[in-house]
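I opened the notebook to record how two chains meet, and then to look at one residue by itself. The entries follow the order in which I looked things up.

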Amino acid sequence: MQRAIFLRAIFLKEWLKTRRVFLIVLALSAAVTVYAVIVMRRLIELQGVDHLWMIVLLKDNTFIDIIKYVPLAAALAVSAAQMLPEMQQKRLKLTLHLPVSQYRVVGAMLCFGMAMLLSVYLLQWCVVMCYDLAVMPRELAWRIMLTSLPWYAAGFIAYLFVASVCIEGTWARRVVLALLGTASVMVCFLQPAPEAYNGMMAALLIFVVLLFVLPLGSVVRFKEGRQD
Amino acid sequence: MYKAYRILLSIIGVAALAWCLPWLYSMLLPEGVNDPFVAYSPVCHSFVVSETEGGNTRIFTVDSCGNVIDDSLSKEQRDELVPQTYFNQLVARGAMPDSIDGDSVSVQLLKQHQWTFSSIPHDVNKRRATVYPVMESMPARFELDDAGEVFVFRGGKIRFIDIATNKVNEARSAKFQRVMRDRGVKLPLRDLNANITTRKPYDEGYLMVDADGRVFHMKMQGGQPYLSKVEMPDGVTAKYVYVLENAEPRHLGLVSTTSRELYAIEKDGHRAVRLPVQDIDPERDRISVYKTYFNWVVRLRGDGGARWIAFDSDTYSPLGEYSRSDSESVAERVAAYVFPFTLSYTSTADSYAYPRIADISWRALFVNLALALAVAAMARRRGGQWIVQSAATLVFGIYYFIVFLIIKN
């Protein structure tokens, strides 16, 4: 019972803090998704659906390149909106004085942010998938959607790295975390070929789960007073 | 938790450095291999090698054992030795012979029998779409039309889908399924190949390798299925197939086998003929075929070097082989001492992304050992676990050394 009340309080706090950014991110994501669909519709009207199919098949074009960096941008915005006020207004210090495990508090905050991103990503993914299924065979639609999965993985990776950078108290470690985060995110954008990451998606998922350790480690350092 | 944080940060750091440092090094000291153009002369019956280095072109002839015969040929002399390639130059100079090697030739004849083919591992090692456009091989008008349908394999059956409506064409699917069953095509197919373009003289549809490694030729003629089995020698299992569709209609395609041989499919009799090319692997080698009226020259470019195999275009009898090995550059030698291994996520040899460790170098152990001793001394001063830290440096070398210096506490 107490745990439920605690979680509800944390989630409410996070919602109040991030709702504006969440709505902006949702609107931006929806706008880009609709634009991607309009581009495909326009091509079908001007050149015919066979032209779309042939470009997807023979040119390895997925027609959703425009949404490539949207999950990343959404993650940066949500993470910054969640963690920056905590550090700037010294709210995290107060939060960590609550009679609850620090890992549980920060873990709940991170889960809230990840759930927020997941909802944005799922909406975008489902809209594109539904449109693709309407105009092309399911084999092609799945090919396009599988190609986009590493972009969403990059979003989750960026979210957790930005969270750990924000919570971290020393500039030297912030720079190290930012560089490692940049390298980790870059891995998700290296190979543009369709379905290139199919064999790596399980590893990326495990990596995202492991990355929860980074913000929690930054909290430990923060609590120990490692600050500039 | 903090221990897990440090371990994870160290692992990510080592992985990032093992990826970025060798990449930066290769960007600063780029190494490239430039293969020469190699043709086989029907005039002097030897390889003619044209090599460009630093803006200078060196042209020489070599025999089938690789011995240089004539080391200082001019471009004009080369044109005369390789008339099947440089006939335009010879015509412009008024030096085009009427007959070569006893055969009377014309520019038109040479042009008609000349074609090239290439395959690169990057295109072979990739996840291909399982949707196959199909063109009409006997269009109502003379020109080829764009594909109007595609076929897919669902539930062990071939299904044709109309592109305009995105609906299954049940009648055509049933016809092709019946023919495939009658011919004994065993699914799933190992490989399919077609050239989906209207910029070709005619359409031969698809070459397919079935689950048993047999080759079939399938196309759509007047909306009806055409499917025939390609005769392969007993015991030969096909792996990759390539449709040719050249102006010279003698060959339907090429087949590489699991035993690393290369076959040409002749249209006459729908039979595969073994070519004198051994140890060919499309997953590993860049393959290029240069076919002329007189001969074929097949180039196989692998990791360590390149081979050129020439054989007669009529009889396929071998004419000679020329090969070159790549030598290790100074930059590569230095890298082998500095980097114990490299990590990359992509490769020029495929279209996949996954972590791959390569260039494991035992020569880097010397540097690793020196760095491990330095780490041991520093870690003892810091009061850390010096044995674990120096062991990690011994294995991961410069990558862990940098991580050790940066991530202190």
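Predicted model: local features only at pLDDT ≥ 70, side-chain atom pairs only at ≥ 80, totals over all residues.

Entry 1, the interface. I looked up the area first: chain B and chain A bury about 3500 Å² between them. Carbon and sulfur atoms account for 71% of that area. I noted three residues here, M1(B), Y5(B) and R127(B), which supply 19% of the area that chain B buries against chain A, more than any other three residues.

Entry 2, contacts. I then asked how many residues of each chain are in contact. I found 40 residues of chain B in contact with 48 residues of chain A.

I looked for salt bridges between chain B and chain A, and the count is two. I wrote down one pair by name: the side chains of E139(A) and R154(B) form a salt bridge, with N to O at 2.7 Å.

Helix 1 of chain B gives the most, with nine residues. I also sorted the residues of this side by kind, and they divide into 26 nonpolar, seven polar and seven charged.

I turned to D210(B), which lies in the loop between strand 13 (206-209) and strand 14 (215-221) of chain B. Is D210(B) buried or exposed? I put it down as buried, because its relative accessibility is 0% and the cut-off for buried is under 20%.

I checked its polar partners next. The side chain of D210(B) reaches the backbone nitrogen of D212(B) at 3.0 Å. The side chains of D210(B) and R214(B) are joined by a polar contact of 2.7 Å. Leaving out residues up to four places away in sequence, I found that D210(B) touches G184(B), V185(B), K186(B), P188(B), L189(B), R190(B) and F216(B).

I finished with chain A, which averages a pLDDT of 92, with 100% of the residues scoring at least 70. Where in chain A is confidence lowest, and where highest? I noted the lowest in helix 4 (residues 91-96) of chain A, at a mean of 79, and the highest in helix 8 (residues 201-210) of chain A, at 96.

Technical notes. Residues numbered from 1 in each chain as written. Chains lettered and ligands numbered in written order. Heavy atoms only, no water. pLDDT = per-residue confidence, 0-100. Helix = DSSP H or I, 4+ residues; strand = E, 2+ residues; numbered from the N terminus. Contact = heavy atoms within 4.5 Å. Buried area = accessible area lost by both parts, 1.4 Å probe. Salt bridge = Lys/Arg side-chain N within 4 Å of Asp/Glu carboxyl O. Nonpolar A, V, L, I, M, F, W, Y, C, P; charged D, E, K, R; others polar. Buried < 20%, exposed > 50% of the residue type's maximum accessible area, 1.4 Å probe, protein only. Polar contact = N/O pair within 3.5 Å; in protein donor to acceptor, adjacent residues only side chain to side chain.
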